[in-house]
Amino acid sequence: MKTTWKPEEMAKMIDQTLLKAYVTEQDFEEFCRESARYGFKMVAINSAPVKRCREYLKGSGVHVGAAISFPLGQTTIETKVYETKQAIQEGADEIDYVVNLVELKSGNLDYVRREMESIVSICRQAGVTSKVIFENCYLTEEEKKTLCRIALEVKPDFIKTSTGFGTGGATVEDVRLMKSIVGDEIKVKAAGGIRDLDCALAMIEAGAERIGTSAGVKIVEELKERQDKANR
């Protein structure tokens, strides 16, 4: 674990989110301008505003991430495939999709695997980063392990703890569990309830290689302030 982080390094660990249902055009523009200014790795948005956010972020180096079947995951594989393809066509270069937990809990693991293969395959062919959202707050430990094992077969780029819209978000314990199973084969993204620097650092120490949060600005500013104090 690194003992010191530069603010720009921390920013590159962060997927800055704006996933509310009542966002205005001005909100999106300001959000994208701010994300570009801080140099976050990605903006996480619903799939509908991908094209406009891609335009706002042109030349910034900030990725545009589309949330697919968000936040419940309760659409068919065919619907998720269509939404993924459309988002990529409109400029998304990262895809975060929500697993169908009804099928998982019903024991339909072939369905879960086929769903994951379908989305990951599209992303791989397009050169787009794929992330699989587990929504751990609704899962037993064995179900989390099962999803990790399926992911090891399919090889998405990331597995992700949460949407941030469930009854709970990322926990250090979940990040450690997921990392212990997938090792270096797949990266882990921690998301949901990460609102300050110490929480982000704890997730990174546990094995997360990406942080999903709406508090990216606060986290980076906290780091700057802490470093300023240390240098006085």
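1. E222 touches D196 and L197, leaving out residues up to four places away in sequence; contact here means heavy atoms within 4.5 Å. E222 sits in helix α10. Helices (H or I, at least four residues) and strands (E, at least two) are DSSP runs, numbered from the N terminus. In sequence E222 and D196 are 26 residues apart, and their C-alpha atoms are 7.7 Å apart in space.

2. Residues are numbered from 1 along each chain as its sequence is written. The model is predicted, so local features need pLDDT of at least 70 and side-chain atom pairs count only at pLDDT 80 or more, while totals for chains, interfaces and linings use all residues, and side-chain values use heavy atoms, with hydrogens and water left out.

3. D196 also caps the N-terminal end of α9, with a side-chain oxygen 3.4 Å from the backbone nitrogen of D198. A polar contact is a pair of N or O atoms within 3.5 Å; within protein, one must be able to donate a hydrogen and the other to accept it, and residues adjacent in sequence count only if both atoms are side-chain atoms. After α9 comes G207, whose phi is positive, near 130 degrees.

4. Which residues of helix α9 (residues 197–206) are buried? They are L197, A200, L201, M203, I204 and A206. Buried means under 20% relative accessible area, exposed over 50%, and partly exposed in between (1.4 Å probe, protein chains only). The buried residues of α9 pack against α1 (7–11), α8 (172–182), β7 (187–191), β8 (208–213) and α10 (216–231).

5. α9 and α10 pack at an angle of about 100 degrees, and their axes are 9 Å apart. That makes α9 roughly perpendicular to α10. L197, D198, A200 and L201 of α9 make this contact with I219, E222, L223 and R226 of α10. By class, the contact has five nonpolar, no polar and three charged residues. Axes are lines fitted to C-alpha atoms, for helices over the stretch in contact, and angles run from 0 to 180 degrees between N-to-C directions. Angles under 35 degrees count as roughly parallel, over 145 as roughly antiparallel, 65 to 115 as roughly perpendicular and the rest as oblique. Ala, Val, Leu, Ile, Met, Phe, Trp, Tyr, Cys and Pro count as nonpolar, Asp, Glu, Lys and Arg as charged, and the others, Gly among them, as polar.

6. The axes of helix α4 (residues 77–89) and helix α6 (residues 109–126) come within 10 Å and cross at roughly 15 degrees. α4 is therefore roughly parallel to α6. Here I77, K80, V81, T84, K85 and I88 of α4 meet Y111, R114, E115, S118, I119, I122, C123 and A126 of α6. This contact has eight nonpolar, two polar and four charged residues.

7. Most residues other than glycine have a negative phi, and most peptide bonds are trans. In the loop between β3 and α4, S69 has a positive phi of about 55 degrees although it is not a glycine. S69 counts as buried, at 7% relative accessibility. P71 is found in the loop between β3 (63–68) and α4, and the peptide bond from F70 to P71 is cis, with omega near 0 degrees.

8. E135, in the loop between β5 (129–133) and α7 (141–154), also has a positive phi, near 60 degrees. Its relative accessibility is 3%, so E135 counts as buried.
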